[in-house]
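This report walks through selected parts of one protein chain. The sequence and the model come first, and the description follows.

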Amino acid sequence: MEYSPIYQNLHFVSSSHVRNKLFVFCIMLSLWVYMIYCCVGYCSTMPSLMVGTASSKHSQHLETVDPNRTQPRLQNEGDLESEHQEDPLDSLDPLFGASSRDVLNNESDLDSRGGEDWDEIRSEQRTLDNNVVSSLFNESGPVESKKLPQAIIIGVKKGGTRALLEFLRVHPDIRAVGAEPHFFDRNYDKGLEWYRDRMPETQEGQITMEKTPSYYVTKDVPARIHTMSPDTRLIVVVRDPVTRAISDYTQTRSKKPDIPSFESLAFKNRTTGLIDTSWSAVQIGMYAKHLERWLQYFPKDQLLFISGERLISDPAGEMTRVQDFLGLRRVVGHKHFHFNPAKGFPCLKRPEGNSKPHCLGKTKGRIHPNIDPEVVQKLRNFYQPFNRRFYQMTGHDFGWGSWS
């Protein structure tokens with residue numbers, strides 16, 4: 001039996017059509033398998049890519065600072081125990097070379113660990129992670145890196161440093177670490193890279209800051225900061241030294257209720273009225289003696305002295321001085337503050353909206369104990385020459401008490 005030519009042609013056309021379909025199907029299947037393989041491979045590499053990106057950014061911004069330093073020695077000018085010194089300012093240098101007496105390590109306050117600001121630190125870390133992710137998809141975005149601080153709040157304890165730091169963090173051109181690093185007084189042997197790693201990441205044009213109030217009264221710190229950068233801007237928040245000492249004692253008593261009375265700690269001899277300047281709560285308030293060391297390394301125009309009292313009564317005014325000192329736009333002003341009568345100090349608020357003002361934590365604004373007025377007056381008399389000298393050195397009268 002023979003096939004007709006027509007049947008043979010139909011059979012050829014049908015076979016060719018099936019082969020074409022199979023060929024297209026195989027190609028499409030191969031493409032889908034390849035796309036799935038690529039997607040799986042890309043997802044598996046994402047975590048290592050993020051870590052590598054962050055690490056590479058850090059390694060690109062290492063700075064080399066000579067750790068060697070020199071320190072001029074301060075002269076011993078007399079014996080504190082003598083009650084017949086003509087100038088009480090000249091009889092206290094030996095105390096500053098020795099450890100101060102204290103009933104508790106006062107620097108273990110929540111401020112030293114950041115206290116309530118650990119939530120903000122975690123928020124900063126989340127922001128960092130988000131920036132790393134966004135940089136993967138937007139290579140033209142702003143570059144961030146960790147830098148050594150260009151400005152430091154160096155003191156004083158119980159002067160209002162935490163409030164000032166929180167006010168400054170509102171400014172978009174300020175990035176500040178919440179916890180106190182204590183690098184220049186406790187962790188200096190860990191090196192500048194350890195210190196840099198404590199700092200938040202900043203963009204070009206932003207200022208990196210930190211605050212550690214014990215720097216102002218620690219002997220070696222001025223030389224160490226100068227070695228890091230002689231151009232560092234320094235901010236000191238000071239308040240009436242008598243009120244500051246009582247606040248210091250109040251903080252200590254909140255942790256250790258069985259400590260001796262303020263009066264017994266403040267005097268070596270209550271009858272003669274001899275003040276015990278080895279007690280750190282008293283020693284910190286001798287601002288002029290501490291400032292002498294700083295002026296050996298930094299010109300006066302690199303230090304800004306903020307009034308702790310005016311930081312409460314006029315926070316916007318003091319913030320204007322700080323922003324000008326740091327060369328910043330005047331962003332933080334009256335609209336950012338709301339006075340809290342219960343706590344006795346201003347709280348931060350958002351200029352827009354009706355959100356609740358943000359106040360400092362419960363460790364701030366403690367009620368002070370009642371101190372014998374005679375003790376308070378003797379302390380005021382003791383601080384008078386130090387205050388007078390401090391006013392002369394800073395060119396600013398802070399109005400702490402009066403004398404004839």
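R293 is buried, with a relative accessible area of 5%. The model is a predicted one, and R293 belongs to helix α11, which covers residues 287-294. A polar atom of the R293 side chain lies 3.4 Å from the backbone oxygen of V217.

H290 is found in helix α11 as well. Its relative accessibility is 0%, so H290 counts as buried. The side chain of H290 reaches the backbone oxygen of Q283 at 3.0 Å.

Because an α-helix has 3.6 residues a turn, residues three or four places apart point the same way.

## Aromatic pairs

How many aromatic pairs does the count come to? The count comes to 23 aromatic pairs. In one of them, the ring centres of Y287 and F390 are 5.4 Å apart and the planes stand at 50°, so the pair is tilted. Y287 lies in helix α11 and F390 in helix α14 (residues 373-394), so this pair ties together parts that are 103 residues apart in sequence. Both Y287 and F390 are buried.

F390 also forms an aromatic pair with F398, and this pair is stacked. F398 is buried, and so is F390. The two pairs are set out below.

| Aromatic pair | Centre to centre | Angle between planes | Class |
|---|---|---|---|
| Y287 and F390 | 5.4 Å | 50° | tilted |
| F390 and F398 | 5.7 Å | 25° | stacked |

Elsewhere in the chain, one aromatic cluster is formed by F183, F184, Y188, W194, Y195 and Y215.

## The five-stranded sheet

Five strands make up an open sheet with parallel pairing, in the order β3-β5-β2-β6-β9. Strands β3 (174-176) and β9 stand at the edges with a single partner strand each, so one side of each is left without a neighbour in the sheet. Neighbouring strands of this sheet are turned by 25° against each other on average, direction ignored.

Within the sheet, β2 and strand β5 (residues 207-211) run parallel and are joined by three bridges. I152 has E210 as its bridge partner in β5. Strand β6 (residues 233-238) pairs with β9 in the parallel sense over five bridges. For I235, the bridge partner in β9 is L304.

Helix α13 (residues 315-325) lies across β6 and β9 and runs at about 170° to β9.

## K158, helix α5 and the annotated sites

Which residue does the UniProt annotation "active site" cover? In the unreviewed entry, that annotation covers K158. In the model, K158 is found in the loop between β2 (151-155) and α5 (161-168). K158 is buried, with a relative accessible area of 15%; the reason for the label is that buried means under 20% relative accessible area.

The unreviewed UniProt entry also carries the annotation "binding site", which covers K158, G159, G160, T161, R162, R239, S247, K364, G365, R366, I367 and H368. One of these residues, R162, has its place in helix α5. R162 has 2% relative accessibility and therefore counts as buried.

Why is α5 described as largely enclosed by the rest of the structure? Eight of the eight residues of α5 are buried, so the helix is largely enclosed. Those buried residues are T161, R162, A163, L164, L165, E166, F167 and L168. T161 and R162 are among the residues that the "binding site" annotation from the UniProt record covers.

Definitions and conventions:
Residues are numbered from 1 along each chain as its sequence is written. This is a predicted model: local features need pLDDT of at least 70, side-chain atom pairs count only at pLDDT 80 or more; totals for chains, interfaces and linings use all residues. Side-chain values use heavy atoms; hydrogens and water are left out. UniProt positions are given in the numbering used here, feature names are shortened, and annotations may be inferred rather than shown by experiment. Helices (H or I, at least four residues) and strands (E, at least two) are DSSP runs, numbered from the N terminus. Buried means under 20% relative accessible area, exposed over 50%, partly exposed in between (1.4 Å probe, protein chains only). A polar contact is a pair of N or O atoms within 3.5 Å; within protein, one must be able to donate a hydrogen and the other to accept it, and residues adjacent in sequence count only if both atoms are side-chain atoms. Two strands pair if DSSP finds at least two bridges between them. Axes are lines fitted to C-alpha atoms, for helices over the stretch in contact, and angles run from 0 to 180 degrees between N-to-C directions. Contact means heavy atoms within 4.5 Å. Rings of Phe, Tyr and Trp (its six-membered ring) pair if their centres lie within 6.5 Å; planes under 30 degrees apart count as stacked, over 60 as edge-to-face and the rest as tilted.
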